[in-house]
Amino acid sequence: MELWQHSALELGQLIARRELRAVEVVEHFLERIAALNPTLNALVTLDPEGALAAAQAVDEQLDRGESLSPLAGVPVTIKDLTETKGLRTTYGSVLLRNHVPTVDAVLVERLRRAGLPILGKTNTPEFGGKFDTENRLFGATRNPWKLSHSPGGSSGGAAAQVAAGLGPLAHGNDGGGSIRVPASCCGVFGLKPQFGRVPFWPRQDSWATLNHEGPLARTVRDAAVLLDIMAGPDARDPYSLPGPVPSFLASCEGDVQGLRVAWSPTPGYGRIDPEVKTLCETAARTFEDLGCYVEEASPRLDFPAEAFLGIIVPRMVAQLERDLPPDFAAHLDPMLAVFLPYADHLSSRDVARAEFTRLQLYDRVEAFLQQYDLWLLPVMAAPPHRSGEFGPTEVAGHPVESPLEPFFTFPFNLTGHPAASVPAGFTQEGLPVGLQLVGRRFDEATVLRAAACYEAARPWANHWPEIALQPTNHA
């Protein structure tokens, strides 16, 4: 096995035992990035000097016999929507191409303190505004499994990086599916923790009441230990959850015997592609083999697009008007610019109704999850879409009526429940499909334990796209 094929936890153990130097690990991944990133465009700003300096510091601490975190010396990337002190953060916008923050986001502070070298920033659509990772500043990120297709969005650079072995760990954030959709499209694991689990600061923007910071990784335990580092209260974020915080890595242990599990082909709205349905239902039935009671059931949610847009659009437009030059509209991604006239037609009553609908949706989901320990459903109604499209344009031969219709993720941003995407398999075209696991409020532990048991039954971490296996200088 090559170095890049090891899990993050394995690399951390090798570094801690001095079988590998942290500097050697960082250099290895920088070589892979140099070889493969020109094709994938997953990372858009690199920090080799900073990453190597952080790795050197870890090596020196270990040489002194100090005890460090399990991921000390293991490199990570940060999504380009999240502040990194002294390292360019553009939010995917040409208007902020030279923006360099003077502070780190809370989660970045924590990752640095734990000794994780930051390789750089991963690509994102402008201000995280669509399910395709492409912008006018850096261009499109390619799906490692099929370069003509999208890696999803908005954490598409992060998911593509992990899928292609350019680094074992990535930070993402999820305001409507932006961790789970790319994880599904790229065949990796992604977790949207409970809202507020990872503090969201200093960004005070349109996503503040919907956003969940979380991990993307090749294995469930890698994601869990990364969440262990990022999670926990911080007074700078008024929405951050109080402690104490459980060990998410420890939560991965144990079985799922006796859990009550609901499986739904859709949340209640939308159609489902037959191939996606078959793959996800087969994956869901794996939980029967693991000792769960699985039944097809659904709360039959109404399509909450108006509520979602009624919450996000006025905030997004207010943010753009606050932060950008007066002529910003001429420079926006056209898929983001459609928000401007939409916001002009929203009344204060429309916004209030959106908030009421959000509360009603929470009641519906929470009541359903009192009957079940987990709710399983597809992440998306269709396989990964082509690059350059907001999302799938048709499902099961029918054109979509709303761009949000093929996505079964954003209801759980409105409710705040923890949710993850695990690989469910591949279509006949070789495109990944993800199964979504939704847990009860505050219960990431059950989501992670179930995902870890599923991973043991149907492992995916050693299934690599062809591009990842191409020879590079170190091979």
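Predicted model: local features only at pLDDT ≥ 70, side-chain atom pairs only at ≥ 80, totals over all residues.
The count of salt bridges in this structure comes to 24.

**Stop 1: Asp-80 and Lys-121**

Select Asp-80 and Lys-121, whose side chains form a salt bridge with an N to O distance of 3.7 Å. Asp-80 sits in the loop between strand E2 (76-79) and H4, while Lys-121 belongs to strand E3 (residues 118-122), so the pair ties together parts 41 residues apart in sequence. Are these two residues buried or exposed? Asp-80 is buried, at a relative accessible area of 1%. Lys-121 is buried as well, at 0%.

**Stop 2: Glu-429 and Lys-146**

Next, select Glu-429 and Lys-146, where the side chains meet in a salt bridge at 2.7 Å, N to O. This pair links distant parts of the chain, 283 residues apart. Glu-429 is in the loop between strand E14 (419-426) and strand E15 (432-439), and Lys-146 is in the loop between strand E5 (139-140) and helix H5 (156-163). With a relative accessible area of 54%, Glu-429 is exposed. Lys-146 counts as partly exposed, at 27%.

**Stop 3**

Then select Arg-18, Arg-21, Asp-59 and Asp-63, which salt bridges with shared partners join into one network.

**Stop 4: helices H4 and H7**

Show helix H4 (residues 106-113) together with helix H7 (residues 220-230). Their axes are 8 Å apart and the packing angle is about 110°, so H4 and H7 are roughly perpendicular to each other. On the H4 side, display Leu-107, Arg-110 and Leu-111; on the H7 side, Leu-226, Ile-229 and Met-230. These residues make the contact. By class, five are nonpolar, none is polar and one is charged.

**Stop 5: the cysteines**

How many disulfides does a search of the whole structure find? The search finds zero. Select Cys-186 and Cys-185 to see one reason: the sulfur of Cys-185 is the closest cysteine sulfur to that of Cys-186, yet it is 6.3 Å away, too far for a bond. Cys-186 is buried, at 0% relative accessibility. Then go to Cys-453, where the closest cysteine sulfur is in Cys-292 at 7.9 Å, again too far for a bond. Cys-453 counts as buried at 12%.

Technical notes:
Residues numbered from 1 in each chain as written. Heavy atoms only, no water. Axes fitted to C-alpha atoms, helices over the stretch in contact; angles between N-to-C directions. Helix = DSSP H or I, 4+ residues; strand = E, 2+ residues; numbered from the N terminus. Parallel < 35°, antiparallel > 145°, perpendicular 65-115°, else oblique. Contact = heavy atoms within 4.5 Å. Nonpolar A, V, L, I, M, F, W, Y, C, P; charged D, E, K, R; others polar. Disulfide = S-S within 2.5 Å. Buried < 20%, exposed > 50% of the residue type's maximum accessible area, 1.4 Å probe, protein only. Salt bridge = Lys/Arg side-chain N within 4 Å of Asp/Glu carboxyl O.
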